[in-house]
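Let me put the thing up on the screen, and then we'll walk through a few spots together.

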Amino acid sequence: MTDSPNDARPHRLVIHQSHAQSNHSPHASSAPSFADDVRAGLTAKPKTLPPKYFYDALGSQLFEAICLLPEYYLTRTETRILQQRAGEIGRRAGPGCALVEFGSGSSVKSRLLIEALPELALYAPIDISREHLDATAAQLRRDYPKLNVVPVCADFMKPVRLPEAVAGLPKLGFFPGSTIGNMVARTAVDLLRSMRATLGEGSQLLIGMDLIKDVAVLEAAYDDAQGVTAAFNLNLARRINRELGGTLPLDRLRHVARWNDTYARIEMHLEATEAFDFEVSGCRFSLHRGETIHTENSHKFDLRSQNTLLLAGGWTPARRWLDSEGRFSLIVADWTIPRGAP
Ligand code: AVI
């Protein structure tokens, strides 16, 4: 069994090309390129592709469309919980706190909190794309002239040194969308620990986590009737053909979304409907009929596995809200004070 594919870097709703390019850390010029990652993934057994490459301009637009699909309950359910609970979240956070969003993108969900928290001192969106961050910050300043917006351009997968204006305030971290579910457990724990280091002692983390449910509901959410998720998945092959001189035959690849009960996750694959050879960046590969390229994991949780993950990451779950159908959860966790057993 395998943990592949490589974890997705978290993404919010993103439509700008610049954000799509942000797959490469500005700090790490030696980071593997798209070509390196694709070559490594297609050489692996089973074959994989990193899901962070879904988000080129078209992929980002397709993801926006996915969020509006009737089958994709995650976005609207989390939004509803946020709308209902923002006041309570604000009271827990207390007056004068800073809202720090990890992977802020267009800050769509943060707006709900900003509007519901009149005593918010500051909003610090963290995103790797400078251009996207600046555009979003400028729009937020226009829409909320009294709010202090302090954008931080950084790769939040590593601890981030927050600016002085943020560092001195009580902090509420925000990581919505169940993006944590796109990571295997060890990466998710590393990220939670990074967030813990970034936010510091006494902070809180508000995190969205999708729940295990009826397999038919889960599979439909990742294989919708209109074929938008299929187009999103196949767009990765299209991107490889366009950017890396690939010859993947799109008409012989089909989108597959299936529940893996062992890992409690929806897996997305591109499956060969017949055998073929292909090239990418001058390297030759082949797929036999029925063989797949594993493109994404989307882990789902029950209440205990959520607790275990958060605790392993150094966060103590304090409050959890579910929607009325028990589909999605929003959790506030407290920065855990390290102490001896038990
Ligand atoms: C970004 N992430 C939380 C989405 C998910 O549900 O795993 C990505 C996605 N893939 C297919 N549909 C949506």
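So, which side chain does the side chain of Asp 56 join in a polar contact? The partner is Arg 242, at 2.9 Å. By polar contact I mean a pair of N or O atoms within 3.5 Å; within protein, one must be able to donate a hydrogen and the other to accept it, and residues adjacent in sequence count only if both atoms are side-chain atoms.

Quick housekeeping. This is a predicted model, where local features need pLDDT of at least 70 and side-chain atom pairs count only at pLDDT 80 or more, while totals for chains, interfaces and linings use all residues. Residues are numbered from 1 along each chain as its sequence is written, and side-chain values use heavy atoms, with hydrogens and water left out.

Back to Asp 56: you'll find that residue in the loop between β1 (47-48) and α3 (57-67). Helices here are DSSP runs of H or I with at least four residues, strands are runs of E with at least two, and both are numbered from the N terminus. Asp 56 counts as buried, at 3% relative accessibility. Buried is under 20% relative accessible area, exposed is over 50%, and partly exposed is in between, with a 1.4 Å probe and protein chains only.

While we're on loops, have a look at Pro 46, between α2 (34-43) and β1.

Two other loop residues have positive phi without being glycine. Ser 107 has phi near 60° and sits between β2 (98-102) and α5 (108-116); its relative accessible area is 1%, so Ser 107 is buried. Ala 264 has phi near 50°, in the loop between β8 (253-260) and β9 (265-272). That one is buried too, at 16%.

Now helices. α6 runs over residues 130-143, and its 14 residues reach 20 Å from first C-alpha to last, close to the 20 Å expected at 1.5 Å a residue. The expected span is 1.5 Å times one less than the number of residues. Which residues of α6 are buried? His 132, Leu 133, Thr 136, Ala 137 and Leu 140. Looking down the axis, they fall within an arc of 125°, so they line one face of α6. The arc is that of the directions from the helix axis to the C-beta atoms. Glu 131 and Arg 142 are exposed on the other side of α6.

Last stop, the second largest pocket, with about 260 Å³ of space. A pocket, on a 1 Å grid over the protein atoms alone, is an open set of points where a 1.4 Å probe fits, with protein on both sides within 12 Å along at least five of seven lines; lining residues have an atom within 4 Å of a point. Volume is the space filled by probe spheres set on the points, which are joined across faces, edges and corners. Of the 16 lining residues, the closest to the centre are Ala 185, Tyr 263, His 299, Lys 300 and Phe 301. How does the lining divide by residue type, then, and what are the counts? Ten nonpolar, two polar and four charged. Nonpolar covers Ala, Val, Leu, Ile, Met, Phe, Trp, Tyr, Cys and Pro, charged covers Asp, Glu, Lys and Arg, and the others, Gly among them, are polar.
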